[in-house]
Structure formats: C-alpha cells, structure tokens
Amino acid sequence: MAIITVNLANLTAPDDCGRLGGRPCGRHFWPPWYRRANATRQHTVTTIQRRTLNMTEQHTPDSGFAERIQHLHDELGIPRHYAVASCLALCEEPPQLVDTEPDFYGRPQRLTPEAFAAWRAMKETATAAGVEIFLISAFRSVDYQCQIFRRKLEAGQQIDGILSVNAAPGYSEHHTGRAIDIGTCHCPALEEEFERTPAFAWLDRNAAGFGFHLSYPRDNSSGISYEPWHWCYAPQ
Ligand SMILES: [Zn+2]
C-alpha cells in the first residue's frame, strides 16, 4: 500500500466556488462575460440547455424556482440578461441529498442518492484497479452561492468582476447534487494537469459505465473552459 504524506498546513481548501485560487468551476465566461456574438451564443445556448435539461430531466426547474432566482439576482444586482448572455441554464436543487464521505479536506459533502451510489461504486471499482480518486467538492446550494456574492460585494468587488469567476446563484451544475469535482494523489486539486494522471485515464475509460460524464471537455462546443476534474452523473 502506498503511504501518502500530506502536510495539511500547506493545503488550501477550494474557495467558495469550488476551485483553488479563486478560479471558477464549470462556468468560465469569455471576458467580459456579456460580450458574445449572437450566432455563437445561440448555438451555445442550445447545446448547454439540452445537456442541462437532460441532466435534470427528473426535476425540471419550475416557475417558483426561476422566480426565486430572479429575486436573488435583482437583490445582488445581477443583470436581467445574465442567463442569455452567459449561455447557462437553471440548475435546480434536488429534493433529496445524502451525506457522502468527507471530502479530501475533511469537509462534509452531499450528493443525490443516485449520484452517491454511482460515485461509491465507481470509487470502489477504481480502488480495486489500483487507481485513487477522491471527492474535492460536490453539492453546493443556491444560498451558499449567494453568500459568496454578498461577501464579495461587501468587500467592494463589482458584480461584473464577480460574475467573471463565479456562476450566478441558480446556474451552477453543483446545485443539482449530481456534479462532483474529483481529485487524485500527486496532483494539485482542480488543475488541468489532472488530465495527465492515471485517475483521469481511468475515468475516461470507465466513468460513463457508472453514469458520469465530463461536463466540460477540451474544446467543448459550449466554449466553457476545460475542466478534466468536473464530472456529472447523468445516466443515459
Ligand atoms: Zn465542479
């Protein structure tokens, strides 16, 4: 058995948006985020909305959720054209979440029951194959995302700047309880070099068999930054 020594004092837990160093996860915009060509935007909207609707088909966001998000956006000063400009679709919170194992930093995490069962099976299979994968981040609530925005606004940041690194509340795939950020040993969390690890090679070959798909592959048609660590449970 390999023994891995980790100096916790040198570790930085992912920031509020789930990535280290203030980088966003699953929702990079082309800065400035609101300047997009209409033709590209239309294509991207179609692509992302199709994928998100597939992912959340069991819980299609209702008008109450959309209304709640709109109120929050108004309170935070998020422009009304955010959804169209960002090409992101609403991601509703699930009706049920279960506790997972603690993440790499010892923090509690939650997923939907289905996503957790699939994650556990996938992790056990990977472990049996000699591949280490672990949770970096899972469910994040709309309220939590709002707290991030409020804190940054109170610190004097402008809303456009915040939106360039954080998805607006209601638009993070992590709200669904089906998205997970995966880490492995000997690789910094949430960095592109994850793609060069045995863990990524194993996930690339096997994750689909457990219902997990890479949300933002390299050169994806949505134009979102490549995130080899971000996988979403969406069985087909
Ligand atoms: Zn993520």
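What you have is a predicted model, in which local features need pLDDT of at least 70 and side-chain atom pairs count only at pLDDT 80 or more, while totals for chains, interfaces and linings use all residues. Residues are numbered from 1 along each chain as its sequence is written.

Let's start with the layout. The protein chain has seven helices and six strands; helices are DSSP runs of H or I with at least four residues, strands are runs of E with at least two, and both are numbered from the N terminus. Going along the sequence, the pattern reads α-α-α-β-β-α-β-α-α-β-α-β-β. Of the 236 residues in the protein chain, 39% are buried. Buried here means that 20 or more other C-beta atoms lie within 10 Å of the residue's own; exposed means 12 or fewer, partly exposed is in between, and the C-beta atoms are placed from the backbone. Take the contacts between residues at least 6 apart in sequence, and 75% of them join residues at least 24 apart. A contact needs C-beta atoms, placed from the backbone, that lie within 7 Å.

Now for the sheet. Four strands form an open sheet in the order β3-β4-β6-β5, with antiparallel pairing; strands pair if DSSP finds at least two bridges between them. Because β3 and β5 stand at the edges with a single partner strand each, one side of each is left without a neighbour in the sheet. From one strand to the next the twist averages 45°, where axes are lines fitted to C-alpha atoms (for helices, over the stretch in contact) and angles run from 0 to 180 degrees between N-to-C directions.

With β4 it pairs in the antiparallel sense over three bridges: Ala 179 stands opposite Cys 232, and Asp 181 stands opposite His 230. β5 and β6 also pair in the antiparallel sense over three bridges, and here Phe 212 has Tyr 233 as its bridge partner. His 230 and Cys 232 point one way from β6, Trp 231 and Tyr 233 point the other way, and all are buried.

Next comes α4, which lies across β4, β5 and β6 and runs at about 120° to β6. Its 16 residues (113-128) should span 22 Å at 1.5 Å a residue, and the end C-alpha atoms are 23 Å apart, which agrees; the expected span is 1.5 Å times one less than the number of residues. Ala 115, Phe 116, Ala 118, Trp 119, Met 122 and Ala 126 are the buried residues of α4. They sit on the same side of α4, because they cover an arc of only 165° around the axis, taken from the directions from the helix axis to the C-beta atoms. Pro 113, Glu 124, Thr 127 and Ala 128 are exposed on the other side of α4. After the helix comes Gly 130, with a positive phi near 85°.

α7 tells a similar kind of story. Its buried residues are Ala 199, Phe 200 and Leu 203. An arc of only 95° around the axis puts them on the same side of α7. They pack against β4 and β6, while Ala 201 and Arg 205 are exposed on the other side of α7.

So what sits in the middle? In soluble globular proteins, nonpolar side chains tend to be buried together. The largest nonpolar core here has 32 residues, and Ile 180, Phe 212 and Trp 231 have the most contacts inside it. A nonpolar core is a set of buried Ala, Val, Leu, Ile, Met, Phe, Trp, Tyr and Cys residues joined through C-beta atoms within 7 Å. The elements giving two or more residues to this core are α4, β3, β4, α7, β5 and β6, and α4 gives the most, with six. Apart from this core lies another, of 14 residues, among them Tyr 82, Ala 83, Leu 88 and Ala 168.

Finally, look at the loop between β4 and α7, where you'll find His 186 and Leu 190. His 186 has a positive phi of about 60° although it is not a glycine, and phi of Leu 190 is also positive, near 60°. His 186 is exposed, with 11 other C-beta atoms within 10 Å, whereas Leu 190 counts as buried, with 23 C-beta neighbours inside 10 Å.

How values were computed:
Two residues are in contact if their C-beta atoms, placed from the backbone, lie within 7 Å.
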